[in-house]
Structures are given as C-alpha cells and as structure tokens.
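Colleague: Hi! Could you walk me through the side-chain contacts in this one?
Modeller: Happy to, let me bring it up.

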Amino acid sequence: MAQEEVCSDEELRRAQKRLSDCYRSHVKQYGRLSDDKALESLFAADPGYTFIRAFEIKDEKGEFKEMAAIFTERTIVPDIVPDHAETPEDALVISMQQKGRVDLPYMAELTGMPARAVADALEYRQLYFDEETKAYVQSDEYLSGNIREKIEKLDALAQSLQDERKKQGNKGLDAAAYAARLARIEKNRAALAAVLSKDLAIGEISVGLGTPWLRPALIEEFVRETLSLPSYERFASVRFSPEASAWWVEKKSGLYGTAAEKQFSAGGKTVYELIELCLNQKNAEVRIPSDFDPKVRVVDQALTIEAQMKQQEIRDAFDQWLRKDARRVQEVTDYYNRQFNSIRLREYDGSKLTFPGMTNTIRLKPHQKDAVAHSLFGGNTLFAHCVGAGKTFEMVASIMEAKRLGLSHKALMVVPNHLVGQTGEEFQRLYPRAKILVARKKDFERKNRQEFISRIATQNWDAVIMGASQFAKVKLSKERETAMRLSAIQELEDALYRLRRQATRKRDFSVRAVETLIRRQREKLKKLQDTNQKDGDETVSFEELGVDKLVIDEAHEFKNLAVTTSHSRVADIGTTDHVQKSWDLYMKTQYLNELTGERGLIFTTGTPISNSMTELYTMQRYLAPSRLKALGLDRFDAWAASFGEITVGMELKPEGKGYQLKERFSRFHILPELMNLFKEFADVRTADMLRGELSVPKAEIRIDQAPASPQQKAQMEEIVARAECLRERRPRTVVKADGTLAEDSFLFITNAGRKLALDARRLDESQPDLPDSKVNRCVKNVLSVYAKSRERRSAQVIFCDDSTSTGKGKGKFNLYDDIRKKLITAGVPKEEIAVVQESTEKDKQKLFDRVCAGEVRVLLGSTGTLGVGTNIQDKLIAQHDLTVPWRPADLEQRMGRIVRPGNENDTVQIFRYVTEGTFDAYL
C-alpha cells in the first residue's frame, strides 16, 4: 500500500520494517508461510493468499531460501499518468498507452494545442481519417486489412459526393468543405493504393477442377468442348451445392458416345463419373468381387490406378483449356485477386506499451510486447509461439492491459490441470496487485462447485484461473446450447427450401445432400442434449459469469472439433465427430464472438498443427469464423478444395511391411494467401525467429538404428498375415491382453506392431533379451553420457510411452523396471534414477526440482507425464526417445523439455531409437 501511494524512501523503509517484524513473529509462532497448514485452510480461498505466499523464495528443492524483495526493495513503481506532451507525436503515444485509441480531445489537452491542429500535424503520416467509422486511426491500422475493399468504398463515396454535388449545384454542399473532403478521400486512396498487393497472374495462382468458387457454367463449357459434344446431345448440367460443398455432374442421355468420351473413360468408370470425382476432390476406387467371397468387394489395384491416372489427364486437360482463353483467365484472376489477394497484414508494435501495475523486477521481451499489442488491437489472437517463448506472461499482460484500457472486464484463464497453481503464482508475480481467483481441486467437487462458480459471477475479478477439466464443468445454459444446434439446422433447412424450389426433379442431388446434413445434425443434437449436461450442476451458467475474455493455454488440446466432410476416409483430415471438450469450447467461443465482435479470445500453443491439416481450419473456426463465412469457406470441403489437394501415393502399410495406395490431404495450394488468412489472427514466433532473444542449447539429433532380430522378423510376418486377412474381410480371432478373445482389427495389429518394434518381450516375455534391442542400446548410451557428465552431475530423460512400472505394468515385467535394474547393475545409484509416474501429483514438483539440482540424473516418463509445463531443463544433457510417438508434434513437445531457456549446457544430445523393418518405419 505504501508503494502504491508514492511514499518516500524513508517511509518505505519504515513500512518494510513493520512487515519484516510481522513476518518474523509469524514464523516464530507458526512456521514458514508455505508450511502453515492452518493459514492455508483459513485463507486459501482468499485472493490475497497467493500474494502473501510469494513473500518467501524457495530453492530448487522447494525449501525456504530467502525473503522476497518486497522486504528490502521498491518492487512496485507507482502509476504516474503523464499530464503534458511536448509534441503531437508524443501525445499520440500517450493516448494509445492510456486510452488504447486515438483520443484527439485528450491529445489536445496534453499538448495545449487545438484538436484540429493536432490532427493536421499527424494526418497522412501517423493518422488517417476513417470515413466509415468517422474517426482518426493510426496509420498501421488504416493501411492494413482488406485494402481493395477500402479503395472501392472510397471510390463509391467520392462518386456519391460528386453526384450529390451535381444534383444540388451551388445550393448544396459548401464548396470548401466539399473540396476538402474530396481531397482527403483522394489522399487516403493514394496511400491505400501504394500498399495494395500487385495482381497475381494465372501462373501465380492455383485453380483446378473442384475449386468451389468456379462457376458451374464454366465447368459445363469445359465438358462440352473437351468431350466434343454435338449441340443435339442433351448434356444437362454441372451443379454445385454451397451448403453441402459438393458437385454433381448430370450425365447426358445420348445413345452414342464421342471419341473423347471414350478417351477419358478408364477403369470401368465413365468420363462423367471421373469428372465428378475430380470436382469433389475424390480419387477413384474400383472394387471387384473377392476371390474368397463374391459377396465381398475388394479394391482392384490395377483398375484403380488406371482410373486415377485418367483423372490426372482430365485435370491437366482442364488446366490447359482454362489458360487458352483470355476471357476465362480474366474471370478467374479477377475473382482470385479480389478474394485472396487484397489483405495486407498489420504489424503490431508493442514497444510503446508501459504496462502500469506490472512489477519492475520483470521486463517483457520485444516479441512478448508485440504479442500483447496484437491481442489488444487485433481482435481474437493465437499466440503460436515456440516452447520457452514466455507465453504465460504474454497471456497475463494481455489480460491486465485489456482490462485497464476498458477493452474487457473479467477474464477466464484455462490452463492444463497441473499448472493451475503455478499459473496463479506467475500471474501474481508479474502483477502483484492483481485481483485473481485461482481454482483449487476441491472447489469443483460437487458440494463446492455452485459456491465457487457463484463467486466468479458476483465479484469483479481481474482474472479467474482454472484447469481444463474444471472449465468443462462450467456449462453454457441448456437453452443456448440447444439454440446453437437448432440455428445450424435452421440454416440448412432454409437452404433446403430454396433448393427444393429450384430443383428440376424430385430427388435432386443438392436436395439429397442437404437432407443428409440435416439428419446428421439432428442426431448430434439429440446425442448432445442427452450427454452434455450429465456432469453439470443446475447452477450459474457460463453466460452469467460476466466473462468477456477467454484465454486458452495449450489450445492444441482442443483440436478435435468435428468437421462435416465427404472425405472422412482420407488421412490427415481429422475427426468427423466431436470430442466433447472441443465442442464445449466451440460453443463458448461462439458465444463470446457474438458478445465481443470476435475480440474476446486468446489461444496459445507451441504446436498449432500437431497431427493433421484440419487443425489449421479448426483454429480459424474458433478465432475467425466470420472471415471464413465471408470467403464462402466455412464448410470444410470448400476450404480444403481452395487451399489443399488430396494426393494418392504408395505408402508403407500400417503393419510395417509392404505398400498400399493411400489418399492423404498432404499438400497446400496458394500457401502465401492461406498464411495471410492465418496470420490475420495468429502471432507466429518460431525458435529461429527468436534466436537472438532466447538462449537455448544446440541440439544434436542422433538416430540410433538397428535391424530387426530374426525373432522380430518372424513375428512381423505373422502381423502382416493378420493384416492381409483383415483386408480380405476374413478377420482372425486374437487373444487380448486380459486373456479374452476378440475379432482382430487394425487397432490390435498396430498395437502389436508398436510393442514388437519396442522390444520383442512386450509380446512374449519368454523371448530372449537381445543385446541390440532398443532398450539395451538406450542403456548403453545413458551409461556413456552419465560417465562423461559425472563432474557436472548432468541429467538425462528417457521417453517411453509403453510398458511402465505403474498401472497394469506394476508387479509384472515392464521396460521401466528393466531399464532401472540394468542401470543400477552398471553402477548408477538407485536414488539417482526416478520414474515420474511413481510420484503423486503433489510430489511431482519436488521430483522435478531434484532433477534440476542434479540429484536425480536419470528420469523416465512418457510424453504425457513429462509434457506441457514440465521444467526440468536446468541440467539436462541428453534425451532418449525410446518409443516413436503417434503425432509429429509430440517430438517437438519432448524437445521442449531439453531445448529450453535455462539449460546450463551449450550442446545437448537427442537419441532416437529405431528398429528397421518394424512399425517404427510406418510412424
């Protein structure tokens, strides 16, 4: 309080002495604050409890180290608001700092100049007058966004003024005012035209069969000309349903086919079937009766390849046909440039932000300040920053600045469950005076939940911090949830009504497609109504909390948001059904988007794309839905057809042996334009971009590869045979881990393949312990690094996502115990080896502190247990990836444990173990 009131140094010293005396008296009577259980039980729910716990600094073992700087130093700098500016430029900086906007009357007060004079001094350099909002904005805001649209609006306004002037003559607009306004419009237009991207030519864009914005009439023209259809042949039409994002080719009814029709047919499919498949981004698949059972149809590889090659000929023919005619080229390039080449990204500069209320012992880095500026002035924001970039402080500063500037009133911060307490402490450390509410585990027990949620709603918090599982228990009202689903159904039904009126026949293609979508939506509505409220209480709903800013940490955990698509069998498309927590978040984000005009969300993640291309689309659905809708790309199939390509290639089979044709959404078109759309809301910072700001060790990646043993090869042959039986619809009966019998599946096969690649003993404990197995190669490398780093007591981490010493593996053979036993036998002290799964949640931090101190020198764990928020980097010198993870992003998360600021080593080693000829090759 004394620091907040701008006390003198002498007054501060007296206050600090009183505080020190009180603290020492408490310690003498009750012990340290962090050890005082009575204090915790009485005041843990008080928002000030987190603040007073910060009075004590702990060492890496969690033991008391020293009293905090508040006892001896001035830690809070008083908020001194400037009351004078020497120049209009200085006044603009102060206005943005204090008001978050261009406030001319305030700037005039600061300078002592008339508001008009201030505006004139800055206009066309740092300010522009926005004719649409009738207000001055900064130049970086005005000269960004949809530049082409802004120019067109200015042209329309100028024409309107000229028409009005002509109509009214000398009796109308004041001549001087008219000339001044027209001059301003011309200068603004010139500034916009100077930053407008140059038009792209046909060779610089990607457009093909299936691009959703092509006119169906253009495709009809291609079909007629390419197939040389005579005028008397009745070729009905090519149709496109925007609601279903699907094309349909109505076949001609002529008796005789042209030579071109025969030329472009293949694999038993007509040219019209192949064109329709191309339009819908699908690759032909030809099935024939199985040799084992005529009723079962299997893929004919030869005919399928023949049909797919013919599809490529058709695509090439369309590309050549399109480019031959200047009229067609002009139509396509005009549309493309208008829709996808009109955006200029805004550069957000946070260097002038002052962050009143932030402790003076911490300084944000330039990239962190820029990220905060992006969230304040750019609307919904994704902090797509690499591991170690300091996203927690970015989130906290964004919350506090938004509230100070009146851009939001109450924030809800959702973090991984195990980071709730740590995030609360970091929040209070950055903003000591912040009024925050940190959820404890018992706050969301059923008997306490209503009271806690009511506390959120009834008090004016700067921020509320809770875990992801707790967030899921704060439900939207049943009425709103139902209304959101019904709204989607109503939109489809409106489209269905229009299509039925336009339909030329009773069972029209477009009608059928939309009817199917409506049926699916109704099924999902019933399912969600039955299940979504089962974990909720009849208590205050999410809408009633007063939250107008939602901050989601590790947003990639919510990536499984269902997409409605006709490509559900294509790899990298993602899920076609909701994961409940993702649907719950989606509903809440849409509510906040409506409430705030898409300005109330902040997402953070180091891996915005972790496993599938669909995740990029999902982030756009959460954070920029109106932008997708404006482009006509709110349906996934339309988005995919515009930006991606479904390719077919030969890939290794899941069982790790042999090859198969595989469809995959693996290639992006018009990548610069897609990245522009992404960066409208995403603040991207990679490790390379922050190399000068972040000090991290250099990683040497070593692939430790060895051939499969004869035993593993024999077992692989058995797995391959099981997979072939499945493809022929003749699944075998297999024995599950619990001893029960079940019909074979690819899930069982891939599980067996992963176990075999790791260690043959995972499938059969009687198998020999091979000297060149992954485990033994790993142990050998661990011992070598251990010996070389003995003097510095460096640590190592082993990632193994299978065969742990806890759960089902406890008391049985498992690789964790096997590794530990071999290390101890080789001379590593037992107390220097630890398994993270063997520690309780309460004791995990103590374990991590021991790793950082060099007391534990070998730590075993899984990707999940040693993932987000695990800080063990201090002494890590080597990482061992014993198992290959399912998702590429998991490798990055693992690397984030060792290649991280705070590691004392300049160079670290990452060992990745691979067994040739096994499932490792597939992953």
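This is a predicted model: local features need pLDDT of at least 70, side-chain atom pairs count only at pLDDT 80 or more; totals for chains, interfaces and linings use all residues.

Colleague: Thanks. How many aromatic pairs are there?
Modeller: The count comes to 25 aromatic pairs. In one of them, W213 and Y335 have ring centres 4.8 Å apart.

Colleague: Why is that pair called stacked?
Modeller: The planes of W213 and Y335 are at 15 degrees, and planes under 30 degrees apart count as stacked.

Colleague: And where do W213 and Y335 lie in the chain?
Modeller: They link distant parts of the chain, being 122 residues apart. W213 is in the loop between α9 (175-195) and α10 (216-226), while Y335 belongs to helix α14 (residues 326-340).

Colleague: Is W213 buried or exposed?
Modeller: W213 counts as buried, at 14% relative accessibility.

Colleague: Which residues do ring pairs link into a cluster?
Modeller: The cluster holds W213, Y335, Y336, F340, Y617, F636, W639 and F643.

Colleague: Changing topic: which ring does R328 lie over?
Modeller: R328 sits over the face of W321, 3.7 Å from the ring centre. Likewise, K99 lies over the face of Y106, at 4.9 Å from the ring centre.

Colleague: Good. How many salt bridges does the structure hold?
Modeller: There are 55 salt bridges. One of them joins R13 to E10, with the closest N and O atoms 2.9 Å apart.

Colleague: Where do R13 and E10 lie?
Modeller: Both are in helix α1 (residues 9-30), 3 residues apart, which is about one turn of the helix. E10 counts as partly exposed, at 39% relative accessibility.

Colleague: What about K134, what does it form a salt bridge with?
Modeller: K134 pairs with E131, and their closest N and O atoms are 3.4 Å apart. E131 is buried at 9% relative accessible area, whereas K134 is partly exposed at 48%.

Colleague: Which residues are linked in a network of salt bridges?
Modeller: That network links D759, R761, D769, D818 and K822.

Colleague: Last one: where does T740 lie?
Modeller: T740 is in the loop between β21 (733-735) and β22 (741-743). Leaving out residues up to four places away in sequence, T740 touches V734 and V735.

Note on methods. Residues are numbered from 1 along each chain as its sequence is written. Side-chain values use heavy atoms; hydrogens and water are left out. A salt bridge is a side-chain nitrogen of Lys or Arg within 4 Å of a carboxyl oxygen of Asp or Glu. Helices (H or I, at least four residues) and strands (E, at least two) are DSSP runs, numbered from the N terminus. Buried means under 20% relative accessible area, exposed over 50%, partly exposed in between (1.4 Å probe, protein chains only). Contact means heavy atoms within 4.5 Å. Rings of Phe, Tyr and Trp (its six-membered ring) pair if their centres lie within 6.5 Å; planes under 30 degrees apart count as stacked, over 60 as edge-to-face and the rest as tilted. A charge sits over a ring if NZ of Lys or CZ of Arg is within 6 Å of the ring centre and within 35 degrees of the ring normal.
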